[in-house]
Structures are given as structure tokens and as C-alpha cells.
Amino acid sequence: MQIQLNNILQQVKDELAKAATVAETDSIRVKALGKKGQLTEILRGMGKLSPEEKKELGQAANAVRAEIEKLLEEKFAQVKESARKAQFKLETIDVTEPGVPYNIGTKHPLTITIEEISRVFKSMGFSIAEGPEVETVFFNFDALNAGPNHPARDMTDTFYITEKTLLRTQTSPVQARTLMAQKPPIKIISPGRCFRCDTPDATHSPMFHQVEGLVVDEGITMADLKGTLDTFAKQMFGSEVRTKFRPHHFPFTEPSAEMDVSCFKCGGKGCRVCKGSGWIEILGCGMVHPNVLDVGKLDTEKYTGFAFGMGVERIAMLKYGVDDIRLFYDNDMRFINQFK
Ligand code: DAH
């Protein structure tokens, strides 16, 4: 039995020499010292021995057990330490590595332009109204005094969805919707998307943005229109710009006009931006046609109003010197990032 004990000790030593992990070491412990382990097995066999032999072997077994426990303790300390070192190595952080740059988003130039236009009008007491992009033929044309034979109703200009619905070609239908929903005094702007059957080129896009404006109250005159839009132009393009109004035609206004601003690039001398004329066309406007006021069932003897509409892309292109409208929709970050 003494030989057996020595064998167990030697076997434990051999196995421990090879063990590299906590789990391996523990299975050596179980095999030698566990309830069904080799040492326990030997002690069980002692029953048949004489008291003398029992004492002798008991001491020898205890000595071997103590020796094995000591060896295991040392080995456990060793494998735990190397496991800890391996873990540290795995989790090592190189504080000298350069950081991973985080891409901060920027506002789209069209958003910036709409916000700027809105800010100016809000400071003059306007509020924001909204209307649907899928609109009825009634609101897009009929309610705006564009009769059945108006050229804009032609299929070539308008995306029809059904016979009675379309993608709005302008933000002007919000005028009619507002007149139906609110009583004067009315003072709103309405920024939004519009759609026209145009082939894309440097100045055309089938989807674009407008900002509509409508003011209706007692005693509103053309002077209110000119004063409001002149103030807008100076806030938007610089206090030195001058404005001029040229007669024009729109179905929903009478009289109608287009407003030009003196070129904010060259000051009016003539340059590439104003194509040598010194003036830049910015928006359409006019006094609201009585037929449109009728949509809101307003007393046209008592109430008058003015309206205006401008293209957001056109203003952004002029303001930022962008020469191709398609750049706004490409989402090329090299373009967008310039507006940070
Ligand atoms: N809706 C017109 C267009 O798309 C722009 C416009 C002109 C709007 C005159 C108006 C206005 O409200 O009074 O060309």
C-alpha cells in the first residue's frame, strides 16, 4: 500500500507538471483526493488491517495527502495567476492609439435656407401652416382661380395620381386650405415640397421646395405687400439690397408681380450671378384674387390680402453660389459638409 501511495503522489506530480489551467488542476484534485478518489479508495481498504498497520499506513496516507494538497495549492496559485495575466493581455488598452473620429451630422443647405426664411417671417409675426403633398385638383388649381383650361393643368406639367388627385405643383393650395380653416387676420407662411413633370437639369428638378405666404385682413394693401417683402429681402440678403416689383401674371393674384432684388454679389453693377443685369428675380406675389378669397367665404368688400411664393432651391443657389440644383439631392457629403 505504501507503494500505491507513492505511485499516487508521483502520478499527481506528473499530471500537475502538464496541467496549464484551473480546470485541469481541479480534475487532478478530484481524481486524487475526491470522494471517489484514489486516496479515499486506499483508506477504505484499511479496514482489513491490524491496528499497528492501520496506524502506520494512516500516517503515511495523511503525509501523502498533505503533500498533494500542498502541491495542488501551489499549482492553483500558479494557473490562476497565468489566467489573470492572459485576461489582462486580452483587455490591454493602447492609450496611445488615435481616437475613432465621430461623424457629426450637418443640416442640409435646403433645411438651412427654409429655417432662415421662416425665421425672418416669424420675426414679422407670421406663423407656419402646412398642407399635404398629395393634393386635390380642386385645391391645387380650381380654388386658386386656375380654370379648367389653364396651361399648368396639362398632363406634361403635373404628376396626376388619379383624375382628382395629384402631387401638388406649388405650395399655393395651402392658401386655399388656410382660407377655409381660419378667419382673418391671417398671416402665414408655408414651406414644403412641390412636384412637376420636369426633366432634371442644372436648374430643374421634378421635386423642389417652395415657401408660400398669405396675409388677409381688413385694409391690407399693395403697400403692405411691398413693405413686408422688402423687409424680408434685406433680412435675407443684406440690408443694402434694394427691391423692385415688375408686373406679372398669376391666376390667384390681381394685380400680380415678380420681385427682384439688387444683386447681392456685385451690388448692382452686373456680374455672373445676376447675368449682367444687376437684378435677381426672387419671388412671385400679388394681391389675393377675389375668387380665391371666395373659397373662405370672405366678404371681399371688407377683406383684402396679399400672397407670395418663392423657390427655396433658387434662393439657396443664389445665396451659396451653387450652380447645379441636382447637387442638393445627390447627398454627397463633400457638398453637404460645406454648409456646417
Ligand atoms: N405658385 C407660384 C408658382 O409656383 C408662385 C406664386 C406666385 C405664389 C405668386 C404666390 C403668388 O402666392 O402670389 O410659380
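Student: Which residues does Gln 210 touch, not counting residues up to four places away in sequence?
Tutor: Gln 210 touches Gln 170, Thr 171, Ser 190, Pro 191, Gly 192, Cys 194, Arg 196, Met 310, Gly 311 and Val 312. Keep in mind that this is a predicted model.

Student: Where does Gln 210 lie?
Tutor: In strand E5.

Student: Is Gln 210 buried or exposed?
Tutor: Buried. Its relative accessible area is 13%, and the cut-off for buried is under 20%.

Student: What does the side chain of Gln 210 reach?
Tutor: The backbone nitrogen of Thr 171, at 2.9 Å.

Student: Met 310 was on that contact list. Which residues is Met 310 in contact with, leaving aside neighbours within four places in sequence?
Tutor: Gln 210 again, as you'd hope.

Student: Which members of the largest nonpolar core touch the most other members?
Tutor: Met 310 is one of them, along with Phe 121, Ile 282, Leu 283 and Phe 308. That core has 42 residues.

Student: Which helices and strands each supply at least two residues of this core?
Tutor: The helices are H5 (109–122), H8 (222–237), H10 (312–320) and H12 (333–336). The strands are E5 (207–218), E7 (253–262), E8 (279–288) and E9 (303–311).

Student: Where does the largest share come from?
Tutor: From H8, with six residues.

Student: What about another core, apart from that one?
Tutor: There is one of 20 residues. Val 12, Leu 16, Ala 32 and Val 64 are among them.

Student: Val 64, which helix is that in?
Tutor: H4, where Val 64 is buried. Other buried residues there include Leu 57, Ala 61, Ile 68, Leu 72 and Phe 76.

Student: What do the buried residues of H4 pack against?
Tutor: Three helices: H1 (2–18), H2 (22–33) and H3 (38–44).

Student: How many residues does H4 have, and how far does it reach?
Tutor: H4 has 40 residues, 51–90. From first C-alpha to last it reaches 57 Å, close to the 58 Å expected at 1.5 Å a residue.

Student: And H5, what should its residues span?
Tutor: Its 14 residues should span 20 Å at 1.5 Å a residue. The end C-alpha atoms are 20 Å apart, so that agrees.

Student: Which residues are buried in H5?
Tutor: Pro 109, Leu 110, Thr 113, Ile 114, Ile 117, Ser 118, Val 120 and Phe 121. There is a helix rule to recall here. An α-helix has 3.6 residues a turn, so residues three or four places apart point the same way.

Student: New topic, the sheet. What order do the strands take?
Tutor: E1-E4-E5-E9-E8-E7-E6. These seven strands form an open sheet with mixed pairing.

Student: Why is one side of E1 and of E6 left without a neighbour in the sheet?
Tutor: Because E1 (127–128) and E6 stand at the edges, each with a single partner strand.

Student: How many bridges join E6 to E7?
Tutor: Seven, and the two strands run antiparallel. A hairpin joins them through two residues.

Student: Which residues stand opposite each other there?
Tutor: Lys 244 stands opposite Asp 260 in E7. Pro 247 has Ala 257 as its bridge partner, and His 248 has Ser 256.

Student: What is the bridge partner of Ser 256 in E8?
Tutor: Gly 286. E7 and E8 pair over eight bridges, in the antiparallel sense.

Student: How many residues of E7 are buried?
Tutor: Eight of its ten, so the strand is mostly covered.

Student: Last topic, rings. How many aromatic pairs are there in the whole structure?
Tutor: Twelve. Phe 138 and Phe 139 form an edge-to-face pair, 5.1 Å centre to centre with 70 degrees between the planes. Phe 138 is partly exposed at 38% relative accessibility, whereas Phe 139 is buried at 11%.

Student: What about Phe 237 and Phe 264, stacked or edge-to-face?
Tutor: Stacked, 4.7 Å centre to centre with 5 degrees between the planes. The pair links distant parts of the chain, 27 residues apart. Phe 237 sits in helix H8, and Phe 264 in the loop between E7 and E8.

Student: Which residues do ring pairs link into a cluster?
Tutor: Phe 121, Phe 126, Phe 232, Phe 306 and Phe 308.

How values were computed: Residues are numbered from 1 along each chain as its sequence is written. This is a predicted model: local features need pLDDT of at least 70, side-chain atom pairs count only at pLDDT 80 or more; totals for chains, interfaces and linings use all residues. Side-chain values use heavy atoms; hydrogens and water are left out. A nonpolar core is a set of buried Ala, Val, Leu, Ile, Met, Phe, Trp, Tyr and Cys residues joined through side-chain atoms within 4.5 Å. Buried means under 20% relative accessible area, exposed over 50%, partly exposed in between (1.4 Å probe, protein chains only). Helices (H or I, at least four residues) and strands (E, at least two) are DSSP runs, numbered from the N terminus. Contact means heavy atoms within 4.5 Å. Rings of Phe, Tyr and Trp (its six-membered ring) pair if their centres lie within 6.5 Å; planes under 30 degrees apart count as stacked, over 60 as edge-to-face and the rest as tilted. The expected span of a helix is 1.5 Å times one less than its number of residues. Two strands pair if DSSP finds at least two bridges between them. A polar contact is a pair of N or O atoms within 3.5 Å; within protein, one must be able to donate a hydrogen and the other to accept it, and residues adjacent in sequence count only if both atoms are side-chain atoms.
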